[in-house]
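New notebook page. I want to get to know this model, starting with its ligand and then the chain as a whole.

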Amino acid sequence: MDVIVITGTSGMGLPIARRIGSGHQLLLADIDDTRLDSAAQALRKDGLTVATRLLDVADPQSVTELAQQASELGFIRAIVHTAGLSPLMADAARVYAVDLVGTANIIDAFEGHVGAGSVGVIIASMAAVASPPEPELERQLALAPSAELMAVVSDYFADNSEMAYAVAKRGNQLRVQQAAIAWGARGARLVSVSPGIISTEMGRLELDKPHVAEMLRQTPMGRVGTPEDIAAAVQWLISPAANYITGSDLAVDGGAIAMQRAVGWGENQGS
Ligand SMILES: NC(=O)c1ccc[n+]([C@@H]2O[C@H](COP(=O)([O-])OP(=O)(O)OC[C@H]3O[C@@H](n4cnc5c(N)ncnc54)[C@H](O)[C@@H]3O)[C@@H](O)[C@H]2O)c1
């Protein structure tokens, strides 16, 4: 059986696993063993074949061991990286370590194990749009060795986890774009998905902010996204129907970025 690896098992990870895991060997990974076991048990009850591994994406050795285990289980058909922290869950240093460096660790570690037909999907965020558009920062986020990324961002928003999250997520998009070249040389694709506010534990923390709820009301879709909206996008991205798509970011945000830009331009005020 081909292998599908999913990091992060609580919010988006579980519905993604349920949607794309059938007929494959699933390998779930999370830093939290209670969440990991509960997701594995739920999926096994649904008849899916599930292995688990404790993982800290911020630790390169832990990520290397995950990729090794996946490769020993069989051909890696897909790796979907949802593990992450929101700015309300950690300080800027930990947000950078998990969301920026952790994602770079995943891309690095799996590159050596993917082959023709493999697909990597990295969950970034619409928050990336708030990262400073500085060309040198963007070049470094895209290309600096993973072990040097913390030094790249050390001067940026060390006391502001919200902006650190924006920089980390922009880093995800840029790194996917550039790493897709090396993945392509192996016949594999690598893409990112940038969700808007999604109704997971992480998203609900954001929804508690009145301006976020108001922002959502104004979006073209007028509602919070569901984890199933993200799972549907991931299912399509890993399918043959998307086999000319690599290095790209897909916004799945109900039009939130479009509306933020319109408001910035003085359009749709108070609508
Ligand atoms: N929920 C939203 O509104 C939203 C919006 C945009 C982007 N995102 C991004 O989507 C992804 C998934 O978010 P979610 O809503 O499912 O979050 P979640 O908090 O529900 O789940 C994240 C999972 O990652 C795990 N995790 C945290 N740190 C880890 C580490 N160091 N190593 C391994 N696992 C770790 C957690 O234990 C948890 O199971 C994240 O990257 C997040 O930044 C979420």
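This is a predicted model: local features need pLDDT of at least 70, side-chain atom pairs count only at pLDDT 80 or more; totals for chains, interfaces and linings use all residues.

How many residues surround the ligand, and which are the closest? I looked it up: 30 residues surround the ligand, with M12, D30, R35, Y165 and T200 the closest.

Residues are numbered from 1 along each chain as its sequence is written, and side-chain values use heavy atoms, leaving out hydrogens and water.

Next I checked polar contacts (pairs of N or O atoms within 3.5 Å). A side-chain N or O atom of Y165 is 2.6 Å from a ligand oxygen. M12 uses a polar backbone atom, 2.8 Å from an oxygen of the ligand. K169 brings a polar side-chain atom to 2.8 Å from a ligand oxygen. I then looked up the cover: the ligand alone exposes 830 Å², and the protein buries 97% of that (Shrake-Rupley areas, 1.4 Å probe).

Then the whole chain. I find 11 helices and 7 strands, as DSSP runs (H or I, at least four residues, for helices; E, at least two, for strands). The C-alpha trace spans about 55 × 40 × 35 Å along its principal axes. Buried residues (under 20% relative accessible area, 1.4 Å probe, protein chains only) make up 52% of the 271 residues.

Key: A residue is near a molecule or strand if one of its heavy atoms lies within 4 Å of it. A polar contact is a pair of N or O atoms within 3.5 Å; within protein, one must be able to donate a hydrogen and the other to accept it, and residues adjacent in sequence count only if both atoms are side-chain atoms. Buried means under 20% relative accessible area, exposed over 50%, partly exposed in between (1.4 Å probe, protein chains only).
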